[in-house]
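Good morning. Please look at the model on the screen while I go through a few of its parts.

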Amino acid sequence: MAKLPESGDTDGRTAALVIEFRNVGKTYKSLLGNSVKAVEEFSLVVGEGEILGIAGPNGAGKTTLIAMMLGYLRPTTGTVEINGVPARQYVERHGIGYLSELIAINPKWRAETALVRFATLAGIAQSEIPRRVDYVVDLLGLAEHRDKKVKALSKGNLQRLGLAQALLRDEQILVLDEPTHGLDPVWTQRFRDIVQELRRPDRMILIASHNLDELQRLADRVAIIDRGRLQRVVSTSYENTGDGSTAQPVATRFRLTLASGHELIRAVFPQAEDAGRGEYDVTVNSLPELNGALADLIGKGALVASVVPERSVLEQQFREAVGESQ
Amino acid sequence: MNRAAGLARYSLWQFRDFAVDRGLSILVIGFLWGYALIEPIRHVVGPQVAGSASPLWVVAVQVSSAVVSVAVLVALNGIVSADRKAGYYRFLFSKPVNPVLFYAQLFFVYMVGVIAAMFLLSSLLHKMLPTFSIPHFLLYTALVYIAMGGIGFFLSVTTRYDWLSLAAVWLGARVLRGIYGAGSDWRSKLVEILPPVHRLDDVATSLIGTGSAHMADVLWLFGYGALFFALGLAALRWGSLAD
């Protein structure tokens, strides 16, 4: 992937980047006096260099949380600060690359015009705008759609246009709300590659998604929220990071696929269950035990095609966290 | 990067949006309305058109002042609330942009647009009625834009049904002042806080006709609109964009 051209638009940002949610709550009140608590007592610190996933069922409060982080909503209680200043103040000064769940761009605009408008508003120098627009158009495969009106774009292309406008500036903070919604498998994988390319020590990326597999692949930590409350923060690393998040527990049940050496499986995994088509379900107590057994199996001459946890550990954590809150 | 320069350059897009989405409508409405009411009288009155005492002059002032009010209503419709309703604010204000400055700029860009539209319409009217002063009419347009538009801006920040609210406030104030304005009870005191629309007819006649008007009336209209415009900006600053 071509690197984003340097724009010199960092606005003199030098301090280490940090977002701090402190006891944040948001209550919606209707005219009739009914109130709904969308977020309650949410506290979390996100540091630079990190990709944070935000997971939660529908209505958990993810989008409300993001709206408060962008300063679109004022918290009813608590504060959201970025680098020590109120979130809205930070956004007005530096901007944030934001892809919203709902891609709301005037349907009468043409795709390229929309990008030029956003680039202008973002303060990108007039002479620089064509280069930046060309870059995001190429990056997101929008070349054949650049002259189309927004209303003529398919859901997937609209999603890519939304991501393109978020990447126009070389932002330190990227917030992506359901970024692969509507993307086909090819572009879902492309998006994951782009996010990995965007990872930088001085950048922070927040991804809210229902797709736990995606968060497992992309995020360093995943904040699981339900009913407006932070249930737990799960590290997607198998190492204990010491950052207060729950270290990823090791799955104990794996599906093993052998290309050859089927007769050797019982010698190494006596309890292995034959799942058919050369696949076996095996149970272990730890990663060293699994690795030792696999080494033994391979040493005996078996050819291992794949080893996959039976259930994503993040999915397991998610089920437990959401289950506990109900 | 220069945020202020970016916002200033964006004013050209804002003006383009005005021209396409609102300016053409204002021109069509103004032209048809003016033509339908003024041309038949001009046809009957014939060569007496120049006199300010002629019926044509009276109708021209009435129609042109009404067209200004409609133009302001069209221009201010959804000036802030439309972005909220459609969700456009999400991408606009994730950029390094102050929404207060963005909408303040939009208000004045639209003011330029309304004045430009009124310039075109009044130029046509001037051809038919040479005594009709274009500069005087544009002065009146600017005053009404501030007076009525300031209230419209405030309503667009605070409600989702701004054009309806503005029409209700503007016409309601005229009706209520007509009913209670001359009395001395609590209701007449209460209607005093309504927009001073009852001064508009006198101001229209004198400002369009002579280029001058009673200063107290002008200041009242201007101050009322400017106050609500400032309140609208304050509501933008301290309220939530997404509510």
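How many residues of chain A are in contact with how many residues of chain B? On the side of chain A there are 29 residues, in contact with 24 residues of chain B; contact here is when the C-beta atoms of two residues, placed from the backbone, lie within 7 Å.

A word on the source. This is a predicted model, where local features need pLDDT of at least 70 and side-chain atom pairs count only at pLDDT 80 or more, while totals for chains, interfaces and linings use all residues. Residues are numbered from 1 along each chain as its sequence is written, and chains are lettered from A and ligands numbered from 1 in the order in which they are written.

Back to the side of chain A that touches chain B. Helix H2 (87-94) and helix H3 (111-121) of chain A are the elements that give two or more residues to it. Helices (H or I, at least four residues) and strands (E, at least two) are DSSP runs, numbered from the N terminus. By class, this side has 14 nonpolar, nine polar and six charged residues. Ala, Val, Leu, Ile, Met, Phe, Trp, Tyr, Cys and Pro count as nonpolar, Asp, Glu, Lys and Arg as charged, and the others, Gly among them, as polar.

Next, the domains of chain A. The assignment, which is automatic or from a database, gives domain 1 (18-235) and domain 2 (253-310). Their C-alpha centres lie 41 Å apart.

Strand S1 (residues 18-29) and strand S4 (residues 77-82) run antiparallel and are joined by five bridges; strands pair if DSSP finds at least two bridges between them. In this pair, A:Gly25 stands opposite A:Thr77. S4(A) is also joined by two bridges to strand S5 (residues 85-86), again antiparallel. The hairpin of S4(A) and S5(A) has two residues between the strands, and A:Asn83 takes a positive phi near 55° there.

Last, the open sheet of chain A. What is the order of its four strands? The order is S12-S13-S11-S14, with antiparallel pairing. Strand S12 (273-276) and strand S14 (303-309) stand at the edges with a single partner strand each, so one side of each has no neighbour in the sheet. Inside the sheet, five bridges join strand S11 (residues 253-260) to strand S13 (residues 279-283), and A:Leu256 has A:Tyr280 as its bridge partner.
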